[in-house]
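Trainee: I have just opened a new structure and would like to learn how to read it. Could you take me through it feature by feature?

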Amino acid sequence: MSWPLPPGGLVGVLGGGQLGRMLAMAAAKLGLRTHIYAPEADSPAFDASPRHTCAPYEDIAALRAFGAAVDVVTYEFENVPALSVAVLEELAPVYPPRRALAAAQDRLAERRLLQSLGLPHAPFRFVEKGAAAGAAHQALGGPAFLKKLREGYDGRGQFRIEGEHDLAAAADWLGDAPAILEAAVPFAFECSVIGARGADGAAVFYPLTRNEHRDGILRTSIAPAGTPALQEAAQDIAARIMAELGYVGVIGVELFALEGGALMVNEIAPRVHNSGHWTLEACAVSQFENHIRAVAGWPLGAPAQHSAAVMTNLIGDEVLSWRERLAAAGASLHLYGKGEPRAGRKMGHYTALAPLPQERRAPTTR
Ligand code: ATP
Ligand code: MG
C-alpha cells in the first residue's frame with residue numbers, strides 16, 4: 001500500500017453501480033486501476049474494472065483480502081455498513097472519511113450535522129415508528145414527507161403525506177422503522193452543488209445544477225443554473241460541510257432554492273452524484289476524475305465548464321430509445337450495461353451540449 005498513489009496504483013471502490021463504473025473509467029484515464037467490491041453478480045461496474053470482488057459487505061474475510069490488495073478505499077454509495085468500513089480502515093486509507101458516511105447514512109445524524117453548522121434545512125420531527133406518525137404530523141402540520149432514517153434512495157424510503165387522511169397508510173408503510181417527518185418545502189426549484197476537496201484542504205466547486213425529479217427520481221439536470229449569488233451561497237454550504245468533516249473526495253449537496261433566493265439543504269451525498277454526470281462532457285475534468293484524484297492524493301483539476309449541458313436520465317423502458325439518442329447531434333449517450341430495463345431503474349443517461357458564452361463561465365475555485 002502506498003499513498004499518495006503512484007501512477008498504476010489500485011483504487012478500491014465499494015459499490016458496483018453506474019457511479020462505480022464511471023469511477024473505474026476515470027481512474028483508467030489517469031493510469032490508475034480499480035478493484036470494485038460489490039455483492040451483486042451483475043454489477044455494472046465489474047465490466048469496466050480490471051479487478052473485482054463479488055461478496056457481501058458483511059464478509060469479513062473478503063473485505064480483508066480486498067483492503068490488503070488496494071492502496072486506498074472509496075465508495076460509490078452511502079449504505080456501506082459502518083463495520084465494513086472499520087475493518088477496511090485498518091488496512092488502507094478510506095476516503096471520504098467515515099464521519100461523512102455516518103452523517104449521510106442516517107437522516108437524523110445528517111440533520112444534526114447541518115444544525116451544528118447553522119445550515120438551513122426543512123422543519124422536521126423525529127418519528128420513532130409508524131404509530132408515532134400521527135402525533136408528529138399534528139405537531140408539524142401541513143403536507144409532509146415521512147422519510148425512513150436509513151437506506152433511502154431514488155425516493156424509495158419515503159412516503160408523501162398530503163393531509164390527515166394519509167396518516168393510516170403512512171403508519172402502516174413505516175411499521176416499526178424509525179423515520180423523520182419533514183415539512184414539504186414549497187421550493188422554487190431544486191438544485192445541487194458538487195464540490196471536491198483534496199487531502200490538502202483545497203476545494204473546487206462545479207457550477208450549480210438545476211434538477212427536476214419525477215416520482216422521487218432525478219430526471220434532468222441543467223448546468224449552469226442560478227445567479228452568481230446563489231452559486232456563492234451553495235458553494236459556501238458545501239465548503240463548510242466538507243471542512244467540518246475533514247473531507248477528501250467529491251460531495252453532492254442537494255438543495256431547495258426558495259422564492260427570494262434562500263437555500264435549504266435537502267440531502268448530503270458523500271460521493272459522486274447523478275446531478276454531476278454532465279461534468280463528463282462539459283468540463284475538462286469531471287466529478288469522477290476529481291474524486292479519483294482526491295482519494296489518490298493527487299492535485300484536483302479545475303471545475304471550469306466549457307459547454308452548457310442538459311443531462312437526462314433514462315429510467316426503465318426509456319432506455320429502449322437508445323438508437324435515437326445515438327443519432328442526436330451534440331448529445332452524448334451512456335448505457336450502464338444493466339440488461340433488461342426494470343421500472344424505476346436508472347439504465348443510462350444522455351447529455352446534450354451547447355456552446356457556453358465566456359461571460360457565463362464563472363470561476364469556481366477557492
Ligand atoms: P436520492 O438519494 O435518490 O437523492 P432520496 O430517496 O434519498 O433520493 P430525497 O433526496 O430526500 O430522497 O428526496 C427525493 C426527492 O423528493 C427530492 O429531490 C424532492 O424532489 C422530493 N422531496 C424530498 N423531501 C422534500 C421536502 N421536504 N419538500 C419537498 N420536496 C421534497
Ligand atoms: Mg435526494
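Mentor: We will go through the metal site, the ligand, a helix, the cysteines, some loops and the backbone. Please keep in mind that this is a predicted model.

Trainee: Let's start with the metal. Which residues coordinate the magnesium ion (ligand 2)?

Mentor: To read a metal site, look for the protein atoms that coordinate the ion. Here the magnesium ion (ligand 2) is held by OE atoms of Glu254 and Glu267, at 2.0 to 2.1 Å. Glutamate 254 belongs to strand β13 (residues 249–257) and glutamate 267 to strand β14 (residues 263–269), so the pair ties together parts that are 13 residues apart in sequence.

Trainee: Are those two glutamates buried or exposed?

Mentor: The cut-off for buried is under 20% relative accessible area. Glutamate 254 has 14%, so it counts as buried. Glutamate 267 has 18%, so it is buried as well.

Trainee: Now ligand 1. Which residues come nearest to ligand 1?

Mentor: With a ligand, begin with the residues around it and then turn to single contacts. There are 21 residues around ligand 1, and Asp154, Gly155, Glu182, Glu190 and Glu267 come nearest. At least two residues of this shell are supplied by each of β6 (144–148), β8 (179–183), β13 and β14.

Trainee: Which polar side-chain atoms lie by an oxygen atom of ligand 1?

Mentor: Among them is one from arginine 107, 3.0 Å from a ligand oxygen. Glutamine 158 has a polar side-chain atom 2.8 Å from an oxygen of ligand 1, and for glutamate 267 the distance is 2.6 Å. On its own, ligand 1 has 610 Å² of accessible area, and the protein covers 92% of that.

Trainee: Next, a helix. How many residues of α10 are buried?

Mentor: For a helix, ask what surrounds it, then look at its ends. In α10, 10 of the 10 residues are buried, so the helix is largely enclosed by the rest of the structure. Among them are Phe288, Ile292 and Val295, but also Glu289 and Arg293.

Trainee: What does glutamate 289 contact there?

Mentor: Glutamate 289 sits in helix α10 (residues 287–296) and is buried, with a relative accessible area of 3%. Its side chain makes a polar contact of 2.6 Å with the side chain of lysine 29. Leaving aside neighbours within four places in sequence, glutamate 289 is in contact with Ala26, Lys29, Leu30 and Ala284.

Trainee: And what caps the N-terminal end of α10?

Mentor: Serine 286 does, with a side-chain oxygen 3.2 Å from the backbone nitrogen of phenylalanine 288. Just after α10, glycine 297 takes a positive phi of about 80 degrees.

Trainee: How many disulfides does the structure hold?

Mentor: A disulfide is a covalent bond between the sulfur atoms of two cysteines. This structure holds 0 disulfides. Cysteine 191 is in none, and its nearest cysteine sulfur, that of cysteine 283, is 17 Å away. Cysteine 191 is buried at 2% relative accessibility, while cysteine 54 is partly exposed at 40%.

Trainee: What about loops? Where is phenylalanine 46?

Mentor: Phenylalanine 46 lies in the loop between β2 (33–38) and β3 (51–54), and at 9% relative accessibility it counts as buried. Beyond its neighbours within four places in sequence, its contacts include Ile36, His52 and Cys54. For another case, glycine 330 is in the loop between α11 (322–327) and β16 (331–335). Glycine 330 is partly exposed at 48%, and leaving aside its neighbours within four places in sequence, it is in contact with Thr351, Ala352 and Leu353.

Trainee: Last, the backbone. Which peptide bonds are cis?

Mentor: Most residues other than glycine have a negative phi, and most peptide bonds are trans. One cis bond here joins tryptophan 3 and proline 4, with omega about -5 degrees; proline 4 is in the segment before β1 (10–14). Another cis bond runs from alanine 223 to proline 224, with omega near 0 degrees, and proline 224 lies in the loop between β12 (217–223) and α8 (228–245).

Trainee: And what is the phi of aspartate 215?

Mentor: Aspartate 215 has a phi near 50 degrees, a positive value in a residue other than glycine. It lies in the loop between β11 (209–214) and β12, and at 72% relative accessibility it counts as exposed.

Terms used
Residues numbered from 1 in each chain as written. Chains lettered and ligands numbered in written order. Predicted model: local features only at pLDDT ≥ 70, side-chain atom pairs only at ≥ 80, totals over all residues. Heavy atoms only, no water. Helix = DSSP H or I, 4+ residues; strand = E, 2+ residues; numbered from the N terminus. Buried < 20%, exposed > 50% of the residue type's maximum accessible area, 1.4 Å probe, protein only. Contact = heavy atoms within 4.5 Å. Donors = N, O, S within 2.8 Å, 3.2 Å for Na, K, Ca; no water. Disulfide = S-S within 2.5 Å. Near = heavy atom within 4 Å. Polar contact = N/O pair within 3.5 Å; in protein donor to acceptor, adjacent residues only side chain to side chain. Areas by Shrake-Rupley, 256 points an atom, 1.4 Å probe, with all protein chains shown as cover.
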